[in-house]
Structure formats: structure tokens, C-alpha cells
Amino acid sequence: DNAAALDPLIQAIAEGINTDAAQATADSMIKSLLMASDPEVVAAAVNENGEFVAGLLSRLNETAAQAVAEGLNANPETTRVVARYLDAGTGRRIAEALNLNPAIIKPLLENLSPEVGKAIAEGLNQSTENLDTDHSGTFEDSEIEASLAYQLMSHLDPEVGRYIALGLNAHVAANPHDNLVTNLLPNLDGNVGMEIAAGLNENSANPDLPESFLEAMLGATSKDFAGVIANVINSAPYNMDSFLSQLIANLDKGDPGFHTAQDVAQGLNGNPVFVEYLLRNLDGEAMALQLNQNEAWITALMGALDGERLAGAINNALATAGGKAFINDLLGNLNADIVSGALNANRRITEELLDAAAANGLGTTIGQAVVQAGAGGAGKFLTQLLGTLDANTMVAALDQALATRDPNMVIPNHNLLECLWFNLAGKALGFIPVPMWINFADFEYAP
């Protein structure tokens, strides 16, 4: 076929580009082309020759990828226009090419400038203008599937996810404040959020992948990158038209075969340091507003999280000033009905968290946070939560937790019930004053 016939030519051109990329900018053809070419002409040529471009991408080396980054940095407008006009078919071919050559992604992302991040966002936002063919203001499934973002996200392999994480890890470590991520994510709009969610949904349902793109990327994300993501989530506005709100609201939507929630859980289970640094840096109010948008997804996420593995990360995070502020704001704004529904539907995570909390002191940490947040008052989160929890679920969870006698308990080598009984007996018999018990249990008075 034509693709096979072009293979020798594509190989020869790729080798030439790889050699040329090592030259200084003034002597490099590829760098000069990216800086000086008409971006609309570039986008049209790529769309018309998708197979050729995909074959070329699959053969470029890491030096060429860095050269591409340098060329795009010199003219971010090229990136904006190309991102606007690349079509869905080209997006799929690019994804398939990157699956064959994921190593070029790390040097590309590591070396892109913040301005290119903003240009990518603007181009993707503008590309959605071409999709609303009936001008209804809403998108049909067929229109979403015709987007560049959908085709990329639905066809990228897990190894690409890992290399994206590695590239962004290195990029934000070198540029912790003004970087590709802080200029990309806040500038994406809600339509792109829907497209990416739809693509991730489809990717999660691919039976041929050992893990999803999303799971692999989250599993490889560093603590520095976690801090940057937290700062982006913390940034106003928090409205239904924003990228993040639309992304979360549309995950796992429309097909029971989608399971991005489980993919996220598996990625977090394998990367507790990422979880810890997210919680240390997140704004609880901002996160609560986003999570309240998709009850079914939160329920599925809770069902796939590993409570035992994450309890330590949660405990470490909530012991910090940032973690305490996070739980305070989260409890004040999270919908208790959603949380209780998730816990009722997932007995295992409740059991594991209580079991681990008894062993590592997480119960004390959360108890302090609940008191400081005033979450037990009338109409507050904890009061609403307890009013809607399923009794059988909680009985089973407590049964599991009470089987744990650990030297790190408030009273060493006793279980949760025995410590609680000591508290009640002390109050009833009067031989241990209440303030003494509160101090002994390491809690503080409510303000």
C-alpha cells in the first residue's frame, strides 16, 4: 500500500531531521521551518498527509523532539493555529505514532515554554467552534468524537501517559511557578473539558490495554507536579463552564463500560506521595465544589481506592498546616449526601480506612480536623453525613476496625472500642476528669 511504499522515504527524512536537529538554530532546517512557516499551511499539510506525518513522528529521536520544542517556543502562534486546525483523523494518527515512539514526549514537554502551553489551550478552545455544526450551543456525541482532543485522549497508550508525566515532572521541577501546566490548564474551556473527558472514558474502556493512559500517568506523577496541579485547582473561578468542572462532571458518563474512576483510584493507590502532596496543597473549598458535580464518579472512585495504602499518605498530609486547612474547607463545602452514598456503596474502603486509621493515628488527625472545622454542628457536614449513612455498612466497618489492637493506639495494644469505653467509664465514674481524657486522647476543645 501507499504507506508501505513510502517507508524508505520516511525513514530517510527522519534520519535527516534527527541529524539536523543537533545543529545550532541558525544552521537547523527543522528549527527554522517551525519558526518561519505559515501555521495554517502547516496544519493543512499535516491534515492532508496524516500517514506520512505519523510515520515521521514514529521515527524521530529525542534530539529532534527537543529541536521541535525550541522551534515552537520561538513562535507560539504556530502552536495556537495548528492546534486549532488539526482535524480528528490527524489527532488519531498522531496518538498512534506516539504510541510507537513515546520516548520523544519527555524532551518535548520538558523543553516547551509556558507561552506554548497557553497557545495550545487557545488553539484547542478555538477548535471547538468548528464542531457545533447545528449551532445549538451543545455537542452531540458525534461532534465530540470529531474533535482533536477526543481522538488524542481516546487512543493514547499507557506508556505515553508515563512519558507525559516524566516530561511534566522535569518541566515543573525546573519551572515551579510559571510553567507549561499553569498556562495550559487554567486557559482551557469547558468544551475542551467535555472532549477530554469523553476521550478518557473511551480510553478506559479499551480491553486491549493492560492499564489506561490515565492510570499510568497518575502513577508516574511527581510530588512537584502534584503541587502545581493543586495550585491550578485552587485558582478561581470555580464555575460550571470551567474546564475542570466539565471534565469531572463528564467522566464515566453515558456508558457502564467506562471506568475512569477506577483508573484514577489505581493510579493514586500506586502513588501515595502524589496523594499526600495534593492534600497538602489543595484548597478544600475549590475541590469540594468540583467533586459535588459527579456523585456516581465519586462513588466508583471510593470503591476502587485502597484505604490501607492511602491512610498513611492522608495522615501525613493532614498533619501539615496545608492539610488541616484543606480538610477544614472541604468539610465545610462537601455535599454529605454524596459522601454517605459513596461510603454506603463501598463497605470495603470504609473498613480499610478505619482499620488503618486505628493503627497509624489517622483517626486522631481527622478527629482534630473535624473539631476545628466545626463539622458536627447543626446542619454541618458530619451531622448530615451521620444522618444518611447506612447502619449495616458502618457496623461491618467497625467490626473490622475493632479487630485491630495496635501498639500505636491511644492506649497501646487496645482496640478502638476499648479506648472509647475507657473514655466513657472515666466520665461516668468520675475518676478521670474530662479535660484529662481529652488531652490524653490528643484532641483539643472545639473553638
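This is a predicted model: local features need pLDDT of at least 70, side-chain atom pairs count only at pLDDT 80 or more; totals for chains, interfaces and linings use all residues.
User: Of the contacts between residues at least 6 apart in sequence, what share joins residues at least 24 apart?
Analyst: Contact here means heavy atoms within 4.5 Å. Taking the pairs at least 6 apart in sequence, the share that joins residues at least 24 apart is 83%.

User: Are helices α6 and α9 roughly parallel or roughly antiparallel to each other?
Analyst: The helices in question are α6 (residues 76-85) and α9 (residues 114-127), and their axes come within 7 Å. Those axes cross at roughly 25°. Angles under 35 degrees count as roughly parallel. So α6 and α9 are roughly parallel.

User: Is the crossing of α6 and α9 left-handed or right-handed, and how many nonpolar residues are in their contact?
Analyst: α6 passes α9 in a right-handed crossing. On the α6 side the contact includes Pro 76 and Ala 83, while α9 brings in Val 116, Ile 120 and Leu 124, among others. By class there are four polar and four charged residues, and the nonpolar ones number six.

User: Is Asn 169 buried or exposed?
Analyst: Asn 169 lies in helix α12 (residues 158-174). Leaving out residues up to four places away in sequence, it touches Ala 220, Thr 221, Ser 222 and Phe 225. The cut-off for buried is under 20% relative accessible area. Asn 169 has 11%, so it is buried.

User: What percentage of the protein's residues count as buried?
Analyst: The accessible surface comes to about 20,600 Å², with 56% of it belonging to carbon and sulfur atoms. Of the 447 residues, the buried part is 48%.

Notes
Residues are numbered from 1 along each chain as its sequence is written. Side-chain values use heavy atoms; hydrogens and water are left out. Buried means under 20% relative accessible area, exposed over 50%, partly exposed in between (1.4 Å probe, protein chains only). Accessible areas come from the Shrake-Rupley method with a 1.4 Å probe; for residues, only the protein chains shown count as cover. Axes are lines fitted to C-alpha atoms, for helices over the stretch in contact, and angles run from 0 to 180 degrees between N-to-C directions. Helices (H or I, at least four residues) and strands (E, at least two) are DSSP runs, numbered from the N terminus. Angles under 35 degrees count as roughly parallel, over 145 as roughly antiparallel, 65 to 115 as roughly perpendicular and the rest as oblique. A crossing is left-handed if the near helix is turned anticlockwise from the far one by less than a right angle, and right-handed if clockwise. Ala, Val, Leu, Ile, Met, Phe, Trp, Tyr, Cys and Pro count as nonpolar, Asp, Glu, Lys and Arg as charged, and the others, Gly among them, as polar.
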